[in-house]
Amino acid sequence: MENFIYKQETHFIIGAAMAVHRFFGCGFTEKVYQDALEQELLICKIPYEREKSIHATYHNVQLNTPFVPDFICYNRIIVELKAVKE
């Protein structure tokens, strides 16, 4: 983790995600994990926005299709969850 820009914040986010993983394990849908992580972020007092639309730019031109990450934490860290069966 020494290469992370926001080391402490990243540590807190990963800790919250691991708490959800320890509770549920594998096998649920991504939305279940998102809902659970949202609760854990609240418990841990980690500031976040859920599914906030972001418009990317390419060569100084704003693209039409927005990017909607699962969470933006601390107003600067994008968190994308992926659910797996095993």
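Me: How many residues does H1 have, and what does H1 reach from first C-alpha to last?
Reply: H1 has 18 residues and reaches 26 Å from its first C-alpha to its last. That is close to the 26 Å expected at 1.5 Å a residue. The expected span is 1.5 Å times one less than the number of residues. Helices (H or I, at least four residues) and strands (E, at least two) are DSSP runs, numbered from the N terminus.

Me: What kind of model is this, and how are residues numbered?
Reply: It is a predicted model: local features need pLDDT of at least 70, side-chain atom pairs count only at pLDDT 80 or more, and totals for chains, interfaces and linings use all residues. Residues are numbered from 1 along each chain as its sequence is written, and side-chain values use heavy atoms, with hydrogens and water left out.

Me: Which residues of H1 are buried?
Reply: Glu9, Thr10, Ile13, Ala16, Ala19 and Val20. Buried means under 20% relative accessible area, exposed over 50%, partly exposed in between (1.4 Å probe, protein chains only).

Me: What covers them?
Reply: The cover includes helix H2 (30–43), strand E4 (71–73) and strand E5 (77–79).

Me: Why does glutamate 9 count as buried?
Reply: Because its relative accessibility is 17%. Arginine 76 is partly exposed, at 42%.

Me: How many salt bridges by this rule?
Reply: Six. One of them joins arginine 50 and aspartate 35 (2.9 Å, N to O). Arginine 50 lies in strand E1 (residues 48–50) and aspartate 35 in helix H2, so the pair ties together parts 15 residues apart in sequence.

Me: Which residues are linked in a network?
Reply: Asp35, Glu38 and Arg50, by salt bridges.

Me: New topic. Which residues form a nonpolar patch on the surface?
Reply: Phe4, Ile14 and Met18, with about 260 Å² of accessible area together. Patches take residues with over 30% relative accessible area and no salt bridge; like charges are joined within 9 Å, nonpolar side chains (Val, Leu, Ile, Met, Phe, Trp, Tyr) within 5 Å. Areas come from the Shrake-Rupley method with a 1.4 Å probe, and for residues only the protein chains shown count as cover.

Me: Where is phenylalanine 4?
Reply: In the segment before helix H1 (7–24). Phenylalanine 4 is partly exposed, at 41%.

Conventions: Salt bridge = Lys/Arg side-chain N within 4 Å of Asp/Glu carboxyl O. Contact = heavy atoms within 4.5 Å.
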